[in-house]
Amino acid sequence: MKSVISAENVSKRYRVGSRQAAYSTLRDAFAETIRAPLQKLRRRLGQQEETIWALKDVTFDIEPTEVVGIIGHNGAGKSTLLKILSRITEPTSGRVNLYGKTGSLLEVGTGFHPELTGRENVFLNGAILGMKRTDIGRKFDEIVTFSEIENFIDTPVKFYSSGMYVRLAFAVAAHLEPEILIVDEVLSVGDMAFQQKCIQKMSQMRKQTKAIIFVSHSMISVRALCSRVMLLSQGKLAADGDPNTVVPLYEKLTPERIETREWRDEVAEGMGQIRIKTLRLLDAQGVERQTFEIGEKVNVVVEYDAVEPMTDVVAYAAIRRPDDFICVGSSTRLEGINLPPLEGPGTIEVNIPELLVIPGHYVLDFIFYDHNFDYRAYFLGRKRVEFNVKSDLQSLDGMYGVFYQKQDWKFVSKANTEPADVAASE
């Protein structure tokens, strides 16, 4: 069977700090004329330009009907590979062959002209894909309905929010019948309901397309959608195979790769009335730690400074996986607790009686936000701290879900109708 995509020894090198730009003025061109000989002289004197290999000797073939996930940490080379597959950039060495019309969704607004309306951009993108105007018109109503932006379809897209961009861009890419669909992490910009809608649409497209390439940091989406997963690490293809085999390798790399560090405060929308000075995780004896056993008691201690008097403040805490999936969260609002007005320095403690997440690497995320606003857009102060969870249960992995809770088992044999407790083997 002939491959849909064939990549052979693909490598891509970038010069650190260099940039390619068009010289729009005579002065710019003159300055570059003088600068070029000096750069050559520096290289001759041993001052070589620093280069990095974003990709190094990546080889693979993708067969028809495959849905392939590409995973890896930031900087692993995922976006570079997608740009090469989409013909946005050329490899430094090696080659890629694609057999079919390609639709790409790599960045918010890619392929859209900001001055054109949503309607006009639908026809523009269809033309880029090589479709006839009549075929685009036949799919137009379906595209608009899927995007859920009917009221804004005749508005210039420069006025669209990032979420509206994604809705229309994905609708166009999915409905104009590309033979190869390439989708980057851009779907994370949309809301949760729309992300699920996109995943369902891509599942339906398996029989309509020759191949789908999907890049995501959400291992839940990768497991649900992909029949094959490729793991990139430091520009090289580290693993390629079944999702149940490759995804655990990625998850294992995460705690090994992330260095112990203190996260900086993250402030959105120019706000920051509450500064979180420290965020610590203490065990039952009050000792600060970064590694805990399943079932241990953990005390979260937050030292903050309200730089101005604040009322109606909500405190939110969540345990997240490295892919930002929320395993468990709680807040003073959820628990019916009203914080007093905050002013100046103070401390908040959150007690976790039992830490029940399965072994792995996690992030404790703590946020202050205004009771009158959505915390995702208007949080007042934020800080994160990383920690690890381990267990003596050797077989406890992702197949058991997010939490581990000890169960009582009973067994009844045909020979004996009396129920018997089944003790766990040592």
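## Strands, cores and salt bridges in a predicted model

Strand S5 (residues 102-105) is joined by four bridges to strand S6 (residues 180-183), and the two run parallel; strands pair where DSSP finds at least two bridges between them. Leu 105 stands opposite Val 183 in S6. S5 has a covered face, made of Gly 103 and Leu 105, and an uncovered one with Thr 102 and Ser 104.

This is a predicted model, in which local features need pLDDT of at least 70 and side-chain atom pairs count only at pLDDT 80 or more, while totals for chains, interfaces and linings use all residues. Residues are numbered from 1 along each chain as its sequence is written, and side-chain values use heavy atoms, with hydrogens and water left out.

The chain has nine helices and 19 strands, taken as DSSP runs (H or I of at least four residues for helices, E of at least two for strands) and numbered from the N terminus. Of its 426 residues, 41% are buried; buried means under 20% relative accessible area, exposed over 50%, and partly exposed in between, with a 1.4 Å probe and protein chains only.

The largest nonpolar core has 46 residues, and Ile 71, Leu 168, Phe 170, Met 202 and Val 222 have the most contacts inside it. Helix H5 (residues 162-175) gives the most to this core, with 10 residues. A second, separate core of 31 residues includes Ala 317, Leu 342, Val 357 and Phe 368. Such a core is a set of buried Ala, Val, Leu, Ile, Met, Phe, Trp, Tyr and Cys residues joined through side-chain atoms within 4.5 Å.

The count comes to 15 salt bridges, each a side-chain nitrogen of Lys or Arg within 4 Å of a carboxyl oxygen of Asp or Glu. The table gives some of them.

| Salt bridge | N to O distance |
|---|---|
| Arg 138 and Asp 135 | 3.7 Å |
| Glu 148 and Arg 167 | 2.7 Å |
| Asp 365 and Arg 320 | 2.8 Å |

Asp 365 lies in strand S16 (residues 360-370) and Arg 320 in strand S13 (residues 313-320), so this pair ties together parts that are 45 residues apart in sequence. Both Asp 365 and Arg 320 are buried, and a network of salt bridges links Arg 320, Asp 365, Arg 382 and Arg 384.

Arg 138 and Asp 135 are three residues apart in helix H4 (residues 133-147), and therefore separated by about one helical turn. Arg 138 is exposed, at 53% relative accessible area, whereas Asp 135 is partly exposed, at 26%.
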